[in-house]
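Open the model in your viewer and keep the selection tool at hand. The tour goes stop by stop.

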Amino acid sequence: MEIAQDVLNNAQRIKDTAVEYRAPEALPFNIGLTPTLAPYLTQYFSELFNSIFPTMRVTMIEDLPQNMLQMVEDYTLDVALVAELNHNSNLDFTPIWNEPLFLGVRKGHPLETLPSIAPEDVPSHDFIRLPHSFGYELEDRLPKPDRNTRAAKRFDLTAMRFETICRHICHSDDCTIVSALAAEQFRQDSWPLSFIPFKAPGNMRNLGAASRLNCPRKPLLAKVGAYIQHSPPKGVTPTFKA
């Protein structure tokens, strides 16, 4: 089994070398985005790739971080956009931006007027927590999922998609965490939501691109990083360094 894996790895390295010595920009570029990023970055990345690689075909895949990292290792993806906290140490990580976290509540919610909130002050009986990590250190300090705590609630939405949960919050007293990119999109789309900054260490996630060691698409990634450095999405602070 180990010998077979070595043969496969060597074959993939040969494939990478072949890509490097062909015209890398003439080949499709496959990028993975998490469900809490993809809905808010498709337009931005369309503009980005149209600007710097106008003839290159780009495939965007939406999945959970652990699945996408495996897809990078398996050569299904060239890069996966993930938080450093969720990163796989077997892969390279290129920092791209820092992004703050907010507590999302409906307009008119009793917490709406708070200038900031500590993770421990988030009401546990109203808090909807997704089963996967957003990649922020302070998530460990937020209320843990507790069926008994939310037993009085009629609806259990913890298995729903992030945007579905946010739509539910527009007309309920529930709340959830929302990244800056999503918050900016919700504001632009006039969703009746308010976003309370977290007052605590670990309220920023370092988002970056996971790629294979010595991946020949690194020059393309560098151009992507440079574009983001000069024209970042609203709500984030670029960290890419050429």
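**Stop one: the second largest cavity**

Select Pro 35, Pro 39, Tyr 40, Glu 62, Arg 161, Phe 162 and Glu 163: these residues line the second largest cavity. Keep in mind that this is a predicted model. Now colour by element. H2 and helix H4 (162-169) each give two or more residues to this lining. By class, the lining holds 4 nonpolar and 3 charged residues, with no polar ones. The space inside is about 50 Å³.

**Stop two: the largest cavity**

How many cavities of 30 Å³ or more are there? The count is 3. To see its lining, select Thr 34, Thr 36, Leu 37, Pro 65, Val 82, Ala 83, Asn 86, His 132, Ser 133, Phe 134, Arg 205 and Leu 207. Strand S3 (79-83) and strand S7 (204-211) each supply at least two of the lining residues. This lining has 6 nonpolar, 5 polar and 1 charged residues.

**Stop three: H2 against H6**

Show helix H2 (residues 38-52) with helix H6 (residues 218-230). Their axes come within 11 Å and cross at roughly 115°. The crossing of H2 past H6 is right-handed.

On H2, pick Tyr 44, Phe 45, Glu 47, Leu 48, Phe 49, Ser 51 and Ile 52. They meet Lys 223, Val 224, Tyr 227 and Ile 228 of H6. This contact has 8 nonpolar, 1 polar and 2 charged residues.

Notes: Residues are numbered from 1 along each chain as its sequence is written. This is a predicted model: local features need pLDDT of at least 70, side-chain atom pairs count only at pLDDT 80 or more; totals for chains, interfaces and linings use all residues. Side-chain values use heavy atoms; hydrogens and water are left out. Axes are lines fitted to C-alpha atoms, for helices over the stretch in contact, and angles run from 0 to 180 degrees between N-to-C directions. Helices (H or I, at least four residues) and strands (E, at least two) are DSSP runs, numbered from the N terminus. A crossing is left-handed if the near helix is turned anticlockwise from the far one by less than a right angle, and right-handed if clockwise. Contact means heavy atoms within 4.5 Å. Ala, Val, Leu, Ile, Met, Phe, Trp, Tyr, Cys and Pro count as nonpolar, Asp, Glu, Lys and Arg as charged, and the others, Gly among them, as polar. On a 1 Å grid over the protein atoms alone, a cavity is a set of points where a 1.4 Å probe fits but cannot get out, and a pocket is an open set with protein on both sides within 12 Å along at least five of seven lines; lining residues have an atom within 4 Å of a point. Grid points are joined across faces, edges and corners, and a volume is the space filled by probe spheres set on the points.
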